Amino acid sequence: PHAIYFCSNNKLNLTNGSVLTIKNYPNDALEWDGGDGGYNVNITNSTFISDHNRSGFTGTFHVTVDDSTVKVLNSTGNGSNGSHFDIKNGSDVEFSNNGVHGLSAGNLNIEDSTVTANNNGYNGIILTGKGTIKNSTVTITGTKGKSYWNAGLRLLKKNVHRRSVLLIR
């Protein structure tokens, strides 16, 4: 039922102007089998769009977004659920209009990029591990407040560092 199901530490590489769009799946766009965490999604100079699936990234992926566009939109569940994200080099990343969390990350590094999280159900961005925002613009708007512990940006560790423009409305 999933668009792409990872097992045995699979890796998905989108490179050189590739475009992958996954739309209207009743389950997840990208799902893992709960293995040992060696699952990688590498998006370099390419585009990944997940639109109107149950979730975009489900599981603990190591996601690298390098000079690329990632849009996770209109998920009925989470846009992501605990993956580690390294977003860099002029990337444009958006997690918007998701029913639960927008960008739910373990570790999150944003450098020289733009990240947007609009109109998500619980948290715009939630971070449970280490995080850095450097020379970037992060915009979070319209968090719906469907849970007692919601926030535009929710940090669950003391080790998050911010050195850029951060707009929360």
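Guide: Asp92 is partly exposed, with 29% relative accessible area; the class lies between buried, under 20%, and exposed, over 50%, as found with a 1.4 Å probe on protein chains only. The model is predicted, so local features need pLDDT of at least 70 and side-chain atom pairs count only at pLDDT 80 or more, while totals for chains, interfaces and linings use all residues. Residues are numbered from 1 along each chain as its sequence is written, and side-chain values use heavy atoms, with hydrogens and water left out.

The partner of Asp92 is Lys71: the two form a salt bridge whose closest N and O atoms are 3.2 Å apart. The term requires a side-chain nitrogen of Lys or Arg within 4 Å of a carboxyl oxygen of Asp or Glu. This bridge spans distant parts of the chain, since Lys71 belongs to strand 9 (residues 69–73) and Asp92 to strand 12 (residues 92–96), 21 residues apart. Strands are DSSP runs of E, at least two residues, numbered from the N terminus. Lys71 is buried at 18% relative accessible area.

Another salt bridge joins Asp86 to Lys88, with 3.6 Å between the closest N and O atoms. Both ends are partly exposed: Asp86 has 23% relative accessible area, and Lys88 has 25%. Beside this pair stands a network, in which salt bridges with shared partners connect Lys71, Asp92 and Glu94.

By the salt-bridge rule the count is five. One of them links Lys23 and Asp51, N to O at 3.8 Å. Here too the link is between distant parts of the chain, 28 residues apart: Lys23 lies in strand 3 (residues 19–23) and Asp51 in strand 6 (residues 47–51). Lys23 counts as partly exposed at 48% relative accessibility, whereas Asp51 counts as buried at 16%.

Strand 11 (residues 83–88) runs parallel to strand 13 (residues 103–111), with five bridges between them. Within this pairing, Asp86 has Asn109 of strand 13 as its bridge partner. Asn109 in turn stands opposite Thr132 in strand 16; strand 16 (residues 131–141) is joined to strand 13 by four bridges, again in parallel.

With neighbours within four places in sequence set aside, Ser80 is in contact with Phe57, Phe85, Phe95, His101, Gly102, Leu103 and Ser104, contact being heavy atoms within 4.5 Å. The side chain of Ser80 also reaches the backbone nitrogen of Ser104 at 2.8 Å.

Phe57, one of those contacts, is the bridge partner of Ser80. Two bridges hold strand 7 (residues 57–58) to strand 10 in parallel. These strands belong to an open sheet of four, in the order 1-4-7-10 and with parallel pairing. Strand 1 (4–6) and strand 10 form its edges; each has a single partner strand, so one side of each is without a neighbour in the sheet.

Note on methods. Polar contact = N/O pair within 3.5 Å; in protein donor to acceptor, adjacent residues only side chain to side chain. Pairing = 2+ DSSP bridges.
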